Amino acid sequence: VKDLIPNCEYYFRVKAVNKIGGGDYLELRNPIIAEDPKQPPDPPVDLEVHNPTSKSVTLTWKPPLFDGGSKIMGYIIEKLDKGKERWQRCNDYLVPLLTYTVKGLEEGKEYQFRVRAENAAGISEPSRITPFVKAVDPIEAPKVFLAANLQSGLEVKRGDEIILEAHISGSPYPSITWLRNDEVVRPEDIKKRVTAPKKKKGESILSVRDSIRADHGTFTIKVENDHGVAKASCEVNVLDTPGPPVNFVFEDLRKNSVICKWEPPLDDGGSEILNYVLEKKDNTKAEMGWVTVSSTLRHCKFHVTKLIEGKEYLFRVFAENRVGAGPPCVSKPMTAKDPFSPPDAPNKPDVEDVTSNSMLVKWNEPKDNGSPIIGYWIEKREINSTHWARVNRNLVNALEVKVEGLLEGLTYIFRVCAENAAGPGKFSPPSDPKTAQDPIIVPGPPSCPEVKDKTKSSVALAWKPPQKDGGSPIKGYIVEMQDEGSTEWKKVNEGDKLFPTCECVIPNLKELRKYRFRVKAVNAAGESEPSPATSEIPVQDILEEPEIFLDLGAQDLLSCRAGTTIKIPAVIKGRPVPKTFWEYEGKAKTAAKVEATDTRSEIIIPECNRSHSGRYSITAKNKAGQKTVHVRVNVLDVPGPPKDLKVSDITRGSCKLSWKMPDDDGGDRIRGYVIEKRNIDGKAWTKVNPNCGSTSFVVPDLITGQEYFFRVRAENRFGVGPPAETIQRTTARDPIHPPDPPIKLRIGLVTKNTVSLTWKPPKNDGGAPVTHYNVE
């Protein structure tokens, strides 16, 4: 029976039929509902255990693959204690969802679980049984995290509420403690402004109402369970006005000024101190109020001026931050007066080192009376005058001064006073009178004489003047000598004559004898002590091998242009004076001029040319030896003519020139060649190329049949040299060869004694017109 309407009730009947007809119907007693057949569902699948604790466990599963033809009404959860055989139902009512938390477990026991599905047809078979699950709390160390807005700290103004929120996890659930600066936070500790932390699983919130500056600090939340401790901290800054500055003191008190100094507040109010406000008050008058000295002070120090001497003052200072000004720090009363007095008078000055225009005045440091001495004033007076004149324009920091600009012959006295912060003190007693004049004493000894030169009969000496001339110019010097084996010193000077300079030559000595020498200086006061004596000096000629120094910029190679003058100067040294001579390539240079003295020799070649290039030598010879020095001279000029100029490969429009390099390159690298041509009928040479770098060149653009001469010149950086020219003329034409044979020879009319021949000219005439034919 098909096409029934689902869930409708139907009656059915049936009758039998044969040939005669149908019999009676057989009917159902009860109606039939048109519905699919129903059966219990399949068991649930994928049963899993989650979050086991000591009291509960959470189960999840998936519905049966087949619901039995009827909607699943719910699920039955069963458990089995380990060691027992009977399953116990866990839920009183069918569970409509796919998860269920089984509670009431006994801590430490192990359980297995299974789930059945139920529909209108019945209860399914049980699901897959879970492994044994132990009823214990999971092990998880505690964790705590502050809210994101607290990660970098929290800043509030005074009076605002402090709210700290933290997120917590851990198993078993940890205990929570809030601390401030490592001390537990309790409402009674902060005058009941603290709201007890809100306890909601997974978070904790601490609130402090009406915050004050004292609430600032490090707030820490501490969470703890059996498996560990975790902390999270937040720096809380409560902004307020700063506290009062501290340690207000006075420095450098004067009658009309004082330096006020203080230290920053112990509490800056949680914000940087922007500036200080300093005020003063006249404490002698009660009705006088506070007057601002400065309101923009960045530092803890200020120099207050324009005080009235003898008045008593009070000072106070406020600190300001971006919140505002805090309470003041008030100073002790202060009276404007100097705490010290001017220094005492120095002792009587001493006067030393008297000259014709200066004197050195010295004194001792007096008592400073409470303030360091900052300098001294010096005064002078001519003995016949009543007026004291100040010597120095600025304070002198030393205990002596050189007084200059005195008049020679006048007698002076001096006095000194010291000055400190209170001002100058009293003057000292005047010094003893001193007359401005130079003292004259004998000079100091000269330096030990040195031997500058000697021969077999003389010695040349030199020395340095004395360091002190004794106050009078040195008139001259006395030289003394001591003979070998003698203790007596004899004057070298003739009569009373003095050597005017610091050198002399002592003649008439005996050859190979030894002498010692010393020197005395003489001024208006007399002779000085003798200088240190020389060691014994043997009298003999000094032999020195010759030395030659060429006075050239380049000693190895001298380059010059042709046509200039060659000068090779040499400095000659040696004892005795060497004899010198010049050579060129080992031979005497007759064309050269030589100028010579005892110490110098110079060879001169005027208007030099390339033939003067080569090696020049100078030789110096004396008894001590011989020395030769060489210098190579390179005379630079234009190059010579190229060699072996030849013409080849002649055509009607070009020809090839080839040549060899010149024998003489002029002393410099050849840069290229200049090639020129001339028509046989013309007189002017025409350049063929700007510059040729090789020794061959193809001359282009010739006129067919024209006759030419060619020449080539070499060029270096000094110019173009003389040319190499072709002797024979060159005709611009292609090369001529014998012609090819005539073609197409044919026999024409034949008679008894003649024959007529015809042919055509050759294909190639050999480069020239065919002039005639030979018939054989």
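Modeller: Start with Asp252 and Arg254, whose side chains meet in a salt bridge at 3.0 Å, N to O. A salt bridge here is a side-chain nitrogen of Lys or Arg within 4 Å of a carboxyl oxygen of Asp or Glu. This is a predicted model, where local features need pLDDT of at least 70, side-chain atom pairs count only at pLDDT 80 or more, and totals for chains, interfaces and linings use all residues. Residues are numbered from 1 along each chain as its sequence is written, and side-chain values use heavy atoms, with hydrogens and water left out.

Biologist: How many salt bridges does the structure hold?

Modeller: In general, side chains of opposite charge can pair when their charged atoms come close. The structure holds 35 salt bridges. One of them joins Glu480 and Lys520 at 3.5 Å, N to O. Glu480 lies in strand β40 (residues 476-483) and Lys520 in strand β43 (residues 514-523), so the pair ties together parts 40 residues apart in sequence. Strands are DSSP runs (E, at least two residues), numbered from the N terminus.

Biologist: Is Glu480 buried or exposed?

Modeller: Buried means under 20% relative accessible area, exposed over 50%, and partly exposed in between (1.4 Å probe, protein chains only). Glu480 is buried at 7%, and Lys520 is buried at 15%.

Note on methods. Helices (H or I, at least four residues) and strands (E, at least two) are DSSP runs, numbered from the N terminus.
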